[in-house]
Amino acid sequence: MATMKVACRTDAGMKMARNEDAVVQIADVPLYGLADGTGGEAAGRLVVEALGAGADRLAREVRRVADDVTSVARLGVARVLEAILDDASRKLMEVGERERLPTFAASAIVATTVGPFCYVAHVGDCRAYLWRDQELRCLTTDHTLAMMQLQRGVITFNEYLTSPFRHTLSKALGLVPQVNADIAEVRWSPGDVLLLCTNGLTRVVSEERMTHALMGGDLDGSARDLVEATRQAGAPDNVSVLLLQFGEEAGSDVTEPTVPNVAEVLRAVPFFRELSEPQWLALAPYLEEATFEPGAVLYRDGDAADTLYVVASGQVRLTRDGAPLRELGPGGHCGALALTTEVRRFETATAVDRVVTLALTRARFQEAVRTKPSLGVRLTLALLAETGGELAQLRSTMLATERMLRGRS
């Protein structure tokens with residue numbers, strides 16, 4: 001199990017009569033999270049109770065990943081996190097309806113870890129940040145009306161910064177029974193710090209100020225500094241921060257992934273380039289990692305195809321009838337057409353040196369499109385653009401083959 005330090009601070013702020021935030025810390029699972037309630041203190045507390053009630057289910061899935069790092073097991077963790085947050089949402093709805101409360105809802109963010117994998121699930125405008133190599137990266141996208149407008153191109157980024165809808169939630173626990181939480185799979189490195197926070201921090205403290213607070217290296221001191229920065233800025237809302245610092249792996253049997261940063265790999269792939277970092281991280285658990293030694297064949301001309309391959313490292317040579325076509329290096333990919341329908345490969349792919357790939361099967365692609373609507377739309381649009389080029393290449397190949405056959409007759 002990974003060694004991990006934890007620091008937490010929660011504060012009512014300077015203008016709120018009570019603290020409606022709630023914190024969950026269950027080290028044995030592990031499960032850590034924050035809930036930002038609205039409509040009364042009970043909202044956040046009920047979310048934390050629902051998280052606690054689902055802890056045993058989550059622990060079973062976490063242990064499964066310790067033995068099996070395939071997408072089946074990793075997606076199992078994601079589904080349990082989604083189910084626990086759905087349970088919390090239904091509980092809030094039940095209480096809100098019974099007590100006839102006009103606004104009874106919550107934002108929430110939770111995290112769990114197993115071996116080198118960290119999973120973050122969120123609904124609403126709580127956020128997760130990763131502090132790595134003296135750089136702060138936001139891993140989540142707020143579920144607000146302003147963010148929705150920005151993503152759809154209705155407003156510019158500058159308009160988003162001043163929008164009156166920046167804190168109007170488009171998704172929250174307690175509004176619907178199935179919230180479809182966003183999931184991120186992060187592959188952490190020793191020394192990384194995961195920051196979970198409620199919007200009481202992000203409303204008034206800049207990312208530059210957060211960075212300054214995290215640079216000291218003292219986790220408890222950083223948590224105190226973040227809350228103090230909020231109070232210095234007026235603290236108009238409750239504020240909670242939870243810091244997880246990952247240490248060296250202690251006797252873990254979890255298979256270490258060869259690809260330490262999936263988002264970095266996908267960023268270089270034209271097929272995935274238009275996705276955001278949270279979307280790359282949402283796609284990560286759907287991907288399978290595979291290593292091929294020099295001379296190994298990834299697939300052969302004529303094989304049935306159902307997988308898109310992305311080269312994470314090494315070189316892959318594509319040939320047809322022994323003749324070289326092209327080589328793929330890191331960021332190269334092949335087989336997008338296989339995600340759409342049953343086809344056959346029209347080239348042979350061979351590892352030139354040691355090659356590591358990330359693979360997306362048709363079944364996993366269809367699952368992502370079906371269960372993650374916003375991610376599915378982006379993937380589908382990218383696939384339409386990509387397959388147009390592959391179909392043109394296939395047509396060119398067929399014409400060349402036909403000319404060759406005519407020349408022989």
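Buried residues, defined by a relative accessible area under 20% (1.4 Å probe, protein chains only), account for 53% of the 409 residues in the chain. The model is predicted, with local features requiring pLDDT of at least 70 and side-chain atom pairs counted only at pLDDT 80 or more, whereas totals for chains, interfaces and linings use all residues. Residues are numbered from 1 along each chain as its sequence is written, and side-chain values use heavy atoms, without hydrogens and water.

The chain comprises twelve helices and 20 strands, taken as DSSP runs (H or I, at least four residues, for helices; E, at least two, for strands) and numbered from the N terminus. Its radius of gyration over C-alpha atoms is 24 Å, close to the 22 Å given by the globule rule for 409 residues, so the chain is as compact as a globular protein of that length; the rule is 2.2 Å times the number of residues to the power 0.38.

Five strands form an open sheet with antiparallel pairing in the order 2-3-4-5-8, where pairing requires at least two DSSP bridges between two strands. Strand 2 (21–26) and strand 8 (182–187) are the edge strands, each pairing on one side only. Strand 3 (residues 31–38) and strand 4 (residues 105–114) are joined in the antiparallel sense by seven bridges, with glycine 33 opposite valine 110 in strand 4.

Helix 1 (residues 41–53) lies across strand 2, strand 3 and strand 4, running at about 15° to strand 2; angles run from 0 to 180 degrees between N-to-C directions of axes fitted to C-alpha atoms, for helices over the stretch in contact. Helix 3 (residues 71–99) packs on the sheet, touching strand 4, strand 5 (117–123) and strand 8, with contact meaning heavy atoms within 4.5 Å.

Conventions:
Buried < 20%, exposed > 50% of the residue type's maximum accessible area, 1.4 Å probe, protein only.
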